[in-house]
Amino acid sequence: MAHTNASESLTLTSEIPQIVAGLRATFDSGRTKPLSWRRAQLRALRRMLTEERPTLEKALRSDLGKPPVEAHTTEIGFVVNEIDHTLRHLASWLRPQRVSVPVALAPARARRVREPLGVVLVVSPWNYPVNLSLAPLVGAIAAGNAAVLKPSELAPATSAALADLLPRYLDTSAVAVVEGGVPESTALLAERFDHIFYTGNAAVARIVMAAAVRHLTPVTLELGGKSPAIVDPGVDLATTARRLAWGKFTNAGQTCVAPDYVLAVGDTAEPLQRELAAAVTEMFGTDPATSADYGRIVNERHFDRLSALLDSGKVVAGGRTDREELYIAPTVLGDVEPDTPVMAEEIFGPILPVVRVPDLDAAIRFVNERDKPLALYAFTDSDTTKRRLTTETSSGALGFGLPIAHLAVPDLPFGGVGESGMGAYHSAASIDTFSHTKSVLDKSLLMDTMRVAYAPVSQAKERILRRLL
């Protein structure tokens, strides 16, 4: 696994204004607007993902130690499915929608028409550097925009692969890749875009928003937060534990929608912890460091941050670390108190704390007293519990019985609320994000039925207007 923390910049900051201007000229020419162009670009992107799969898998292995099957299911194949779904439905999503016209304006026709925003910027993170770069790009292209992609410098091999491959397959006059770190990102944010799509943390999101204000640029912010998992008494704890372990330890826990911590209701904590330890062994063996199915931490800084959290509770499973290999074992912590360091920040790594709460009321209070999470999960057999969590909590998504899988449902929008983000994408929601819905009213000049509204307003006109309006 590569230990490089950042790639060397392959894009000069002085080139960025020219890159954006070139994309603006392409968009203004109308090149990106025809449905045929959009479909051709999406098909080309799909071809890249299938033909260059070994290259992308190698890059993901280098950056994150990601196993090939995981690279396919969570990154490459995920985006292919997004493209396929978009291609099947794009024409219907873009079709103008007729709406009714009030009788006061009849006869007339009204419709909603989608139009692309223009030139958009996609800033992607390191944890799913293919998926979270290309899935937003699918939406931007499908909506008819020109786009700049800024991959994360913390996944240098994947960033370099995307910078090399995308120009080979896509229209370079309409899609550009800018590599680099903070200076390049800062230079990009100084430019005027028609939309900025950022995936990452809340601290950088505030910088993005501050930059966007200068041009009144709309933003989509896909952030994170501490996503809880509530476990009710009486559920199948073995199945619950396996699903929690799968959702938590995929990508070594470096997933924005991973269960961040467990709220064990009543007396479920002890038996759940035993089942979690068994699930870890079942999935990754007695020594997960040798498992072909388990990844690594992205760099030394995140390794050190995560290692410092391991003393926040009793180690029920895992706990082993190897800084040289950027390895932290899939770890379950028991006896965790709400004020310990592991509960103070989003973990974003393979550490799963279990916190005891006496009842559902306490679990709901625990969730609601904190920032709104990107996802909330619950394992329960109670319809009442499901109804209460749906109505009494707020989160970007809500999953019963299975974590992280809502992302795999194409027609479910993905996005956060409050500190976990704003805006959404995937499927038709991506078209909403990267388009403007223009209102169009068409009233013929052949018969001027509006004369009743013109001054001077007589008593007869007033009676008619009051009746109509």
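**Salt bridges**

Glutamate 462 and arginine 466 form a salt bridge in which the closest N and O atoms are 3.0 Å apart; the term denotes a side-chain nitrogen of Lys or Arg within 4 Å of a carboxyl oxygen of Asp or Glu. Because the two residues are four residues apart in helix H15, about one helical turn separates them. Helices (H or I, at least four residues) and strands (E, at least two) are DSSP runs, numbered from the N terminus. Glutamate 462 is partly exposed at 35% relative accessible area, whereas arginine 466 is exposed at 64%; buried means under 20%, exposed over 50%, and partly exposed in between (1.4 Å probe, protein chains only).

Salt bridges with shared partners also join Glu270, Lys314, Asp335 and Arg356 into one network. The whole structure holds 23 salt bridges. One of them links arginine 356 to glutamate 270, with the closest N and O atoms 2.7 Å apart. Arginine 356 belongs to strand E14 (residues 351-357) and glutamate 270 to helix H10 (residues 269-284), so this pair ties together parts that are 86 residues apart in sequence.

**Basis of the model**

The model is predicted: local features need pLDDT of at least 70 and side-chain atom pairs count only at pLDDT 80 or more, while totals for chains, interfaces and linings use all residues. Residues are numbered from 1 along each chain as its sequence is written, and side-chain values use heavy atoms, with hydrogens and water left out.

**The six-stranded sheet**

Six strands form an open sheet in the order E5-E4-E3-E6-E7-E18, with mixed pairing; two strands pair if DSSP finds at least two bridges between them. Its edge strands, E5 (175-177) and E18 (421-422), each pair on one side only. Strand E3 (residues 119-123) pairs with strand E6 (residues 195-199) in the parallel sense over four bridges, and valine 122 stands opposite phenylalanine 197 in E6.

**A buried threonine**

Threonine 250 is placed in the loop between helix H9 (237-249) and strand E9 (261-265). With 11% relative accessibility, threonine 250 counts as buried. Apart from neighbours within four places in sequence, the contacts of threonine 250 (heavy atoms within 4.5 Å) are Glu70, Thr74, Tyr128, Ala245 and Thr255.

**The segment after helix H15**

Leucine 469 is located in the segment after helix H15 (459-468). At 76% relative accessibility, leucine 469 counts as exposed.
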